[in-house]
Amino acid sequence: MPRVIVIGGANVDIKGRARGPYVAGTSNPGEVTVSAGGVGRNIAENLARLGLSVSLMTALGDDANGRMLHQACAEAGVDLAMAVTAEAPTGSYLAVLDGTGELVSAINDMRAMAALTPAHFERWAGRLAEADMLVADCNLSVDCLDWLCRFARERGVRLLIEPVSAPKARKLLAFARMTPVFAITPNAQQLAALTGADDAMGVTKLHALGFANVVLHRGGAGALASDGSAIAAIDPVSVSDIADVTGAGDAAVAGLVCGLLDGRPLAESARLGQCAAAIKLSSAQSVASSLSRDSLFRLAGII
């Protein structure tokens, strides 16, 4: 069974969805939910649901939210042996959605992530080197991201980076990569933050910035997958009723990783990512409980 270590954020999602059209500057009737979330944690749970052996290296506070996330990871089959306990509160993500499930605005508090340091990575270097793939998100500090890129180069481990947001993506501009990192998965906004372009030109610029493979997630327009020699357009998977967009990008990353570890080409793996995102969009959960290897491959037409 492929072994993946995800290094990144874990937090509690607090989501409010308006019942009808969202009206700014006032209180909107709707529903509020609380659930386990975080980019790294969501990717890890998605991968576990897809049948991979997954460990999550993250930082959690010694509080009720931290205990909630420990329980959620245990129930999902995500190993937390490499997690660190932070003095800061467990991370939280506050999102407001309109009546169609689209994001209106969000605030995240990820102060706990400062507890993850290169020194902590050094203590777990042996396990990191044994992974079939490392997946890191840009909730990590610049020093941590730099360490992981150098470590992946030195140990010959495939590293995929998920930028998370435009401001956090810019951390990757703070240091150079001596040899290309295996892959990066930005959306158009994050791509523009890194390259000044949000299209195929931006993808080309990302290769020059030191990323061997690029999968650009374009929401309802699907994805672009580039290995540096050719760019493939990946059609979106139709979703008749979007329940919630939160976590769709995380599902897409997990589907991509699942395909790559299955030995499939980049474009086919990106197609699996689009299918995983579609399954998530149909669910109000941050990670769709209906996701499995069978459901993913069935939607992709592989089985």
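Asp 262 is partly exposed, with a relative accessible area of 32%; here buried stands for under 20% relative accessible area, exposed for over 50%, and partly exposed for what lies in between, with a 1.4 Å probe and protein chains only. The model is a predicted one, in which local features need pLDDT of at least 70 and side-chain atom pairs count only at pLDDT 80 or more, while totals for chains, interfaces and linings use all residues. Residues are numbered from 1 along each chain as its sequence is written, and side-chain values use heavy atoms, with hydrogens and water left out.

**Salt bridges**

Asp 262 forms a salt bridge with Arg 264, the closest N and O atoms being 2.9 Å apart, where a salt bridge is a side-chain nitrogen of Lys or Arg within 4 Å of a carboxyl oxygen of Asp or Glu. Through salt bridges that share partners, Asp 262, Arg 264, Glu 268 and Arg 293 are joined into one network. Arg 264 is partly exposed, with a relative accessible area of 22%. The structure holds 12 salt bridges, and three of them are set out here.

| Pair | N to O distance |
|---|---|
| Arg 264 and Asp 262 | 2.9 Å |
| Arg 41 and Glu 45 | 2.8 Å |
| Arg 150 and Asp 146 | 3.5 Å |

Arg 150 and Asp 146 are 4 residues apart in helix H5 (residues 142-155), and are therefore separated by about one helical turn; helices (H or I, at least four residues) and strands (E, at least two) are DSSP runs, numbered from the N terminus. Arg 150 is partly exposed, with a relative accessible area of 33%, and Asp 146 also counts as partly exposed, at 22% relative accessibility.

Arg 41 and Glu 45 both lie in helix H1, 4 residues apart, about one turn of the helix. Arg 41 counts as buried because its relative accessibility is 2%, and Glu 45 counts as buried at 8%. Of the 11 residues of H1, 10 are buried, so the helix is largely enclosed by the rest of the structure; among them are Val 39, Ile 43, Leu 47 and Ala 48. H1 is followed by Gly 51, whose phi is positive, near 90°.

**Pockets**

Where does the second largest pocket have its centre, in terms of the residues that lie nearest? Of the 13 residues that line this pocket, Ala 36, Arg 41, Glu 45, Arg 49 and Ala 72 lie nearest its centre. On a 1 Å grid over the protein atoms alone, a pocket is an open set of points where a 1.4 Å probe fits, with protein on both sides within 12 Å along at least five of seven lines, and lining residues have an atom within 4 Å of a point. The volume of the second largest pocket is about 200 Å³, a volume being the space filled by probe spheres set on the points, which are joined across faces, edges and corners. Strand E3 (30-37), H1 and helix H2 (64-76) each supply at least two residues of its lining, and H2 gives the most, with 4 residues.

The largest pocket has a volume of about 1300 Å³. Its lining comprises 44 residues, of which Asn 187, Val 245, Gly 247, Ala 248 and Gly 249 are the closest to its centre. Elements that each supply at least two residues of this lining include strand E2 (11-18), helix H1 (39-49) and helix H9 (248-261).
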